[in-house]
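Here is a short tour of one protein model. Keep the structure in view and follow the stops in turn.

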Amino acid sequence: MNLTTGPVGRTLFMFSLPVLGSNVLQSLNASINSMWVGHYLGEAALTATSNANIVLFFLLGVVFGLSMANTILVGQAVGARNMDQARRVVGTSATFFIIVSVLLALAGVILTPHILDAMGTPADARPYAVAYLRVIFIAVPFMYLYNVMMMTLRGTGDSRTPFWFMLFSVITDIVLNPVLIFGWGPFPKLGIAGSAAATLIAQSTSLIAMMWFLKRRKYFLLLGRHELHYLKPDPVILRSLIFKGLPMGLQMLVISSSAIVMISLVNAHGSTVTAAYGVASQLWNYIQMPALALGAGVSSMVAQNVGAGLWDRVSRITRVGVLFNFLMTGTLVAVLLVLDRLVLGLFLPDDANAISIARHIDWTVAWSFILFGVTIVLFATVRATGAVMPPLVILVISMWLTRLPFASHMERYMGQEAIWWSFPVGSVVSITLALLYYRFGGWRKARMVTPTAQVVAAK
């Protein structure tokens, strides 16, 4: 899809819809897996997956910024019709991510018990969490490369191909989960590790299938035998990936690390509260999906339009993204709150106390994600030009200097309520600062690659 022409609203919607579908599939997959674990392996196992999934979000946060930098670099190159530069970005990114993911996987397998101990994982959930998380770490290289391929496709304007292969991955994961958990047929009974193994098989199989498909379609950025020299890291591109990507990755790490600290506060109130919080958090994943999909669409559109020099469309893309967020996220919040008892009962059918706690958490927190969605759209615009530090600073202020201190300090006065109310407080701070930077900041002058570096690379 050419993201530099046509009606802004229709283009953004049509690009973002498959991204939203992919996000829905991912969370639906996680929810169905949690249903199997919660119903058949018990509350302690569900608590274990809640703790392990926070770590997984942290791991994906590491790759998010770097792969987003890849998307923006590809988008700007495609917008400028510089296909040689786009291939250099793809080759450098592939080599870099393979090396990083393998090292991270090896370290994670070894350090899993220490990570869970640092999080204060409840004792009854710890054995489950260790078994689950170690398999997840083994899957990290496949997850990372899969993520980079999808982000590259989106950078070129293709959000549909990633959706279809995400659908394939999710169906595979859903089918394999009960088979590997309970050991049906010739398959071994792996318990909670079987749930993680299903994810590993689904991700790796889908990655291989997507690569085969792109090769058959002769995708213009898939490197052939005579283009392997692009795999040699380009110093200029690598520098941009790291120095622009790391701040964006740190944005996700700020969110995920604050979530780790937050769940440590929740863990102190016992497995029932933790299970309720974990299920409520899964609903929040759905609530945030429209904004995240719109953010991905806005970033890709803005990147291509910046590359093409069409700055008049950039402001229109942002305004339409904010409007869509209010409509889509607001509607989803309303629907989920109306149906919260029914939805929560899918995860905690026999625990009225946990359902009551989860409902209260939802009604306190859910609406604040409408505000945070505006922040996501604004961040998507400014980072697509290369302004990556201000969004990071805003997140640090709103989460580490506002949300967590509020939850920790006020807990002595408000009890659990302080944890739940810290979410709206942080969202108000983040949207205020994001609006101020978008209006008065210097993001329009930012660049992903400096003009000097571009000249050196050309020589």
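Start at Ser-169, which is found in helix H5. This is a predicted model. Is Ser-169 buried or exposed? Ser-169 counts as buried, because its relative accessibility is 3% and the cut-off for buried is under 20%. Leaving aside neighbours within four places in sequence, Ser-169 is in contact with Tyr-146, Ala-202, Gln-203 and Ser-206.

**H5 against H6**

Now widen the view to the whole helix. H5 covers residues 160-182, and helix H6 covers residues 192-216. Two packed helices are described by the angle between their axes and the distance between the axes. The axes of H5 and H6 come within 8 Å and cross at roughly 150°. That makes H5 roughly antiparallel to H6, because angles over 145 degrees count as such. H5 passes H6 in a right-handed crossing. By class, the contact of H5 with H6 has 13 nonpolar, ten polar and one charged residues.

Stay in H5 and look at Arg-160. Arg-160 has 48% relative accessibility, so it counts as partly exposed. Which residues does Arg-160 touch, leaving aside its neighbours within four places in sequence? They are Met-14 and Pro-18. Phe-15 also belongs in this picture: Arg-160 and Phe-15 are 145 residues apart in sequence, yet their C-alpha atoms are 8.0 Å apart in space.

**Stops in the loops**

Arg-81 sits in the loop between helix H2 (43-79) and helix H3 (83-119). Its phi is positive, about 60°, although Arg-81 is not a glycine. Lys-218 lies in the loop between H6 and helix H7 (235-267). Lys-218 is not a glycine either, and its phi is a positive value near 55°. Leu-228 is found in the loop between H6 and H7. Leu-228 and Gly-91 are 137 residues apart in sequence and 7.8 Å apart in space, C-alpha to C-alpha.

How exposed are these loop residues? The table gives their relative accessibility.

| Residue | Relative accessibility | Class |
|---|---|---|
| Arg-81 | 49% | partly exposed |
| Lys-218 | 74% | exposed |
| Leu-228 | 47% | partly exposed |

The class of Lys-218 follows from its 74%, because exposed means over 50%.

**Helix H14 and its partners**

Helix H14 (416-440) comes next. The axes of H7 and H14 come within 10 Å and cross at roughly 155°. H7 and H14 are therefore roughly antiparallel to each other. H7 brings Met-262, Leu-265 and Val-266 to the contact, and H14 brings Ile-419, Trp-420, Ser-422 and Phe-423. By class, this contact of H7 with H14 has six nonpolar, one polar and no charged residues.

How do H12 and H14 cross? Their axes come within 8 Å, at an angle of roughly 30°. That makes H12 roughly parallel to H14, because the angle is under 35 degrees. H12 passes H14 in a left-handed crossing. On the H12 side, the contact includes Leu-371, Phe-372, Thr-375 and Phe-379. On the H14 side, it includes Phe-423, Ser-430, Ile-431 and Ala-434. The residues of this contact divide into 14 nonpolar, five polar and no charged.

Thr-375 lies in helix H12, which covers residues 368-383. At 0% relative accessibility, Thr-375 counts as buried. Leaving aside its neighbours within four places in sequence, Thr-375 is in contact with Ser-430, Ile-431 and Ala-434.

**Under cover: H11**

Last comes helix H11, with 14 residues, 352-365. The buried residues of H11 are Ala-354, Ile-355, Ile-357, Ala-358, Ile-361, Asp-362, Thr-364 and Val-365. Several of these can be read against the helix turn. An α-helix has 3.6 residues a turn, so residues three or four places apart point the same way. What covers the buried residues of H11 includes helix H8 (271-307), helix H9 (311-338) and helix H10 (340-345). H12 and H14 are also part of that cover.

Definitions and conventions
Residues are numbered from 1 along each chain as its sequence is written. This is a predicted model: local features need pLDDT of at least 70, side-chain atom pairs count only at pLDDT 80 or more; totals for chains, interfaces and linings use all residues. Side-chain values use heavy atoms; hydrogens and water are left out. Helices (H or I, at least four residues) and strands (E, at least two) are DSSP runs, numbered from the N terminus. Buried means under 20% relative accessible area, exposed over 50%, partly exposed in between (1.4 Å probe, protein chains only). Contact means heavy atoms within 4.5 Å. The expected span of a helix is 1.5 Å times one less than its number of residues. Axes are lines fitted to C-alpha atoms, for helices over the stretch in contact, and angles run from 0 to 180 degrees between N-to-C directions. Angles under 35 degrees count as roughly parallel, over 145 as roughly antiparallel, 65 to 115 as roughly perpendicular and the rest as oblique. A crossing is left-handed if the near helix is turned anticlockwise from the far one by less than a right angle, and right-handed if clockwise. Ala, Val, Leu, Ile, Met, Phe, Trp, Tyr, Cys and Pro count as nonpolar, Asp, Glu, Lys and Arg as charged, and the others, Gly among them, as polar.
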